[in-house]
Amino acid sequence: MFAMDLGDDGAQLRPLEPWQAEEFLAHMDRARDLVDPWIPFAAAAADLDSARALLQRYADKQAADTGRMYGIWVDGTLVGGVLFRIFEAATGVCEIGCWLEPDGQGRGLVHRASRALMEWAFEVRGMHRVEWVASASNTRSVAAAERLGMTREGVLREAFLHRGERHDEEIWAVLASEWRAGR
C-alpha cells in the first residue's frame, strides 16, 4: 500500500519508515501524554535512536510480511498512525492498532485509516479476520472498534501489564464475510 488520500480534508495515509525518525519522534512528543496511558508505544520512541529502532522493527516486519506501520498526515503534518501489529498471512489473522496526537482527534482519521487497512487486508491480502485489542478503560479505542463494525468477543481480565498496573483487555474482531456484508 502506498500513499492514499483519506478524504478531501488533506488527510493522507503513508508508510512510516526509519528515515522519518525525526518527524516520528516530534510527533510522538506531541502524542505522548495521550498515547502513553494505554500502550507502551510512546515510551518505545523516547529519543531519536529509539524512534528509529521502532520504525526499523516495523520495516523488518513489513519485509517479513508480519506487520506494517502507516502514518496519518494532515496538510503535511504527521498527526497519528495505524499499524498491523500482527499480520499472519498463513492463518489469515491480523491485528490493527492506532494512535493519534491531540490535534488529530475528532476528525474521523482513525476510522478512515483503519478502514483502509481493513479493506487492504481483506480484499488484497485475503485475510479472514481482523482483530482490535484495547484496554477496557480506553473508551476511545473501544468506541473506534465498535464504529468499525467489529464485534466485542470478550475480555481478558488483567491480561495487560502497563507501567506496573494490570489492565483488562477487550478483544474485538470482524470477519471477511461480515466486512463484505457491511460495505
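Let me begin with overall size. With 183 residues, a compact globule would have a radius of gyration near 16 Å, and the chain agrees, since its value is 16 Å. That radius is taken over C-alpha atoms, and the globule rule is 2.2 Å times the number of residues to the power 0.38. Along the principal axes, the C-alpha atoms fill a box of roughly 40 × 40 × 35 Å.

A word on the basis of these values. This is a predicted model, in which local features need pLDDT of at least 70 and side-chain atom pairs count only at pLDDT 80 or more, while totals for chains, interfaces and linings use all residues. Residues are numbered from 1 along each chain as its sequence is written, and side-chain values use heavy atoms, with hydrogens and water left out.

I turn to the fold. The chain has 5 helices and 8 strands; these are DSSP runs numbered from the N terminus, helices being H or I of at least four residues and strands E of at least two. Read from the N terminus on, the order is β-β-α-α-β-β-β-α-β-α-β-β-α. Among contacts (heavy atoms within 4.5 Å) between residues at least 6 apart in sequence, 58% join residues at least 24 apart.

How much of the chain is buried? Buried residues make up 46% of the 183, where buried means under 20% relative accessible area, exposed over 50%, and partly exposed in between, with a 1.4 Å probe and protein chains only.

Next, the cysteines. The structure holds 0 disulfides, a disulfide being a pair of cysteine sulfur atoms within 2.5 Å. Cysteine 94 is in no disulfide, and the nearest cysteine sulfur, that of cysteine 98, is 14 Å away. Cysteine 94 is buried, with a relative accessible area of 1%, whereas cysteine 98 is partly exposed at 24%.

Finally, consider isoleucine 171. Where is isoleucine 171 found? This residue lies in strand S8, which covers residues 165–175. Isoleucine 171 counts as buried because its relative accessibility is 16%. Leaving aside residues up to four places away in sequence, isoleucine 171 touches Trp132, Val133, Thr151, Arg152, Glu153, Gly154 and Leu156. Isoleucine 171 and glycine 154 are 17 residues apart in sequence, yet 5.5 Å apart in space, C-alpha to C-alpha.

Thank you for your attention.
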